Amino acid sequence: MTDRVVAALQALVRIPTVSDRDPARVDTDAFDRLLAELATQFPLLHERLELTRVGTHGLLLHWAGASAERPVVLMAHLDVVPVDTGAPWQHDPFGGEIHDSPTGQAIWGRGTLDDKGCVAAICEAVESLLEAGHSPAQDVWLSFGCDEEVSGTAAVEAVGVLRDRGVTPWLVLDEGGAIAGGAFPGVKAPLGVIGVTEKGTTSLELVAEGRGGHASTPARNGPTARIARAILRIEKAPFPASAPAPTLELMRRLAPHVPLPLRPLLGRADRLAPVITRVLLAAGPEAAAMTRTTVAATTLSGSPALNVIASTAKAGLNIRVMVGDTVAGVVEHVRKAVDDDSIRIDLVESGEPSPVSPMDEAFELLEDCIGEVFPDAVATPYVMMAATDSRHFTAISEHVYRFAPFRMTKAQREAIHSYDEHIGVADLVDGARWYTLLIERLPA
């Protein structure tokens, strides 16, 4: 298993399958090469599973099991985000090279964690089980999207195919959580965080217009000034905070692992929700984001030249909508915070938060597999901050979870969508072993 899954991931990383919102800017040849490489690395999987193409280069593969009553969908995506050529990568981001890391030998490159590592580990699990003559207790579907990083349509099409075939998944598993080290102050044990829901992703654009003109004769309250004022007003008007049920359960499960003075507080998290919320708000931006809808001003545009006053200024807002909030409520909150009728608010992208999946037999299966492969980890639900393709699968399944079975340090998690992305060789192998165990333990 070790040599094959490592070589497979190296080969996948070396193919720069960068997605783009503009189809004309996508290197389709790279995606063609990736699909060919997958077939080369995992021949039995491609020979014995029924394959359906979705989107331009997405794959939906069906492995018929002993029963079709409780089908399972294992998800990952083939595309990656672009590489900032000015970022200080230690190694070639598309080299797939093996070098030392603080935790041992690692494969370095874009997509090792997000999300080609999951692709390789899932395929390795299926390939090895096919070699062993294993037949799963339930139908297993593999859904590999090709445009997840740009909120594309491949996953939507995969859902459509499954719906047309009458497939109602008993369990859907996508990327998201991990075996996260250093995830909570004072907790030494890694957390096996399983996303039971995810925030909605919504984008707004603020637009201010004016006459513009020569920079030597500026007028007060021009477009750029109004946009700047609007951003500050939004920052000073945060959304109301409250800890949702998955976050309170996370706190409760952490209780035995935190310093002694905190144990009574976290142990009664479900009865002390307001106190827990205040603690999280005080613990920094990452913890605070677990309690509320967040707004980040991400793009700014104005004049095309230093000596020209902008006639139009714009600011892009990326908003992560907390469970319990709505896109309509978010837009109204922003409108009230800006309090300026001269600024237009355009809804660019609308995404509601996902439903909360139950912590029943399906969740417990994930917990049990974490306990066997990662016995030192504390398995727990959480609210995922980012968006995954799995949000589309909530239309056909109540049991949608987000977990990548890899150990990740804080530095590794920070490298996702940044520079020096890498995965430990041993961690990749453990991830493939975890997927193998999951398939083997599917209930009859």
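Start by selecting Asn 221, which sits in the loop between strand E10 (213-214) and helix H6 (223-235). Helices (H or I, at least four residues) and strands (E, at least two) are DSSP runs, numbered from the N terminus. A word on the model: it is predicted, so local features need pLDDT of at least 70, side-chain atom pairs count only at pLDDT 80 or more, and totals for chains, interfaces and linings use all residues. Residues are numbered from 1 along each chain as its sequence is written, and side-chain values use heavy atoms, leaving out hydrogens and water.

Now check the backbone of Asn 221: its phi is near 60°, a positive value in a non-glycine residue. Most residues other than glycine have a negative phi, and most peptide bonds are trans. Asn 221 is partly exposed, at 44% relative accessibility (buried means under 20% relative accessible area, exposed over 50%, partly exposed in between, with a 1.4 Å probe and protein chains only).

Next, select Asp 339, in the loop between helix H11 (327-338) and strand E14 (343-349). Asp 339 also has a positive phi, about 50°, and is exposed at 60%.

Move to Asp 114 and Asp 115, which are joined by a cis peptide bond with omega about 10°. Asp 115 lies in the loop between strand E5 (104-108) and helix H4 (116-131).

Finish at Gln 412 in helix H13 (residues 410-415). Is Gln 412 buried or exposed? Gln 412 is buried, with a relative accessible area of 2%. Its side chain reaches the backbone nitrogen of Thr 409 at 2.9 Å.

Note on methods: Polar contact = N/O pair within 3.5 Å; in protein donor to acceptor, adjacent residues only side chain to side chain.
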